[in-house]
Amino acid sequence: MTAKKLKPPKVDRSSIVVKSSPIHGKGVFVAKPIKKGQAIIEYKGERISWKLAEKRHPHDPKDPNHTFYFSLEDGRVIDAKYGGNAARWINHSCKPICETREDSFDGEPRVFIYAKRALKVGEELFYDYSLDIEGKITKQMKKDYECRCGVKKCRGTMLATKDKSK
């Protein structure tokens, strides 16, 4: 028996729209109802090494902690500033309604954003960035990567923390 080849999920780009976000800058909003578990959009962009990503950093010297990087399990990064799509505008939340999943299709890792629950028209999409920083997380780092989601149990930072309740 041969292994079934994994196919990328189908996405309906008309189910979302990019517009100004009350949380931060631009955001991605539901334009048509989205079912729980549905693939919403692929996170696209140029695949580069972390070494090149560090050379490119910051994308905007006036806002040095704002990038469009998405880490891949193979050690590379997707830089959505180059060849990216609307997925780069999905904001962070400590209580996300979406999740990201990396799967391999034809030997190439790809990242898709999925609905964690049924989503209604007008809702803003969020996933938990859980940014990994090497070394000890300082108060300044937490401030630099401050979370603005405003949910009841907001941990105050977009950084991944050992204790998610903080």
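I started with Ser 130, which is partly exposed with a relative accessible area of 23%. My cut-offs are under 20% relative accessible area for buried, over 50% for exposed and partly exposed in between, with a 1.4 Å probe and protein chains only. I found Ser 130 in the loop between strand S10 (126–127) and helix H2 (139–144). Helices (H or I, at least four residues) and strands (E, at least two) are DSSP runs, numbered from the N terminus. Phi of Ser 130 is near 40°, a positive value in a residue other than glycine.

A note on what I'm looking at: this is a predicted model, with local features needing pLDDT of at least 70, side-chain atom pairs counting only at pLDDT 80 or more, and totals for chains, interfaces and linings using all residues. Residues are numbered from 1 along each chain as its sequence is written, and side-chain values use heavy atoms, with hydrogens and water left out.

Next I checked Asp 106, another non-glycine residue with positive phi, near 55°. Asp 106 sits in the loop between strand S8 (98–105) and strand S9 (108–115), and it counts as exposed at 64% relative accessibility. I jotted these down because most residues other than glycine have a negative phi.

From that loop I went on to its strands. S8 and S9 run antiparallel and are joined by 8 bridges; two strands pair if DSSP finds at least two bridges between them. I picked out Ser 104, whose bridge partner in S9 is Pro 109. The open sheet has 3 strands in the order S3-S9-S8, with antiparallel pairing. Strand S3 (39–43) and S8 are the edge strands, each pairing on one side only. Neighbouring strands of this sheet are turned by 30° against each other on average, direction ignored. Those axes are lines fitted to C-alpha atoms, for helices over the stretch in contact, and angles run from 0 to 180 degrees between N-to-C directions.

I see 24 residues in it, and Ile 40, Ile 41, Tyr 43, Cys 98, Ile 113, Leu 119 and Leu 125 touch the most other members. Strand S2 (26–30), S3 and S9 are the elements that give two or more residues to this core. I followed Leu 125: leaving aside neighbours within four places in sequence, its contacts (heavy atoms within 4.5 Å) include Ile 16, Val 28, Ile 90 and Leu 119.

Asn 85 was my next stop, in the loop between strand S6 (76–79) and strand S7 (91–92). Asn 85 is buried, with a relative accessible area of 19%. Its side chain reaches the backbone oxygen of Glu 42 at 2.8 Å. Not counting residues up to four places away in sequence, Asn 85 touches Ile 41, Glu 42, Tyr 43 and Lys 44.

I looked for disulfides (a pair of cysteine sulfur atoms within 2.5 Å) and the count comes to 0. The sulfur of Cys 94 is 3.7 Å from its closest cysteine sulfur, in Cys 147, so that is too far for a bond. For Cys 147 the closest is in Cys 149 at 3.4 Å, also too far for a bond. Cys 94 is buried at 18% relative accessibility, and Cys 147 is buried with a relative accessible area of 9%.

Last, Thr 161, in the segment after H2, is buried at 14% relative accessibility.

How values were computed:
Polar contact = N/O pair within 3.5 Å; in protein donor to acceptor, adjacent residues only side chain to side chain. Core = buried A, V, L, I, M, F, W, Y, C linked by side-chain atoms within 4.5 Å.
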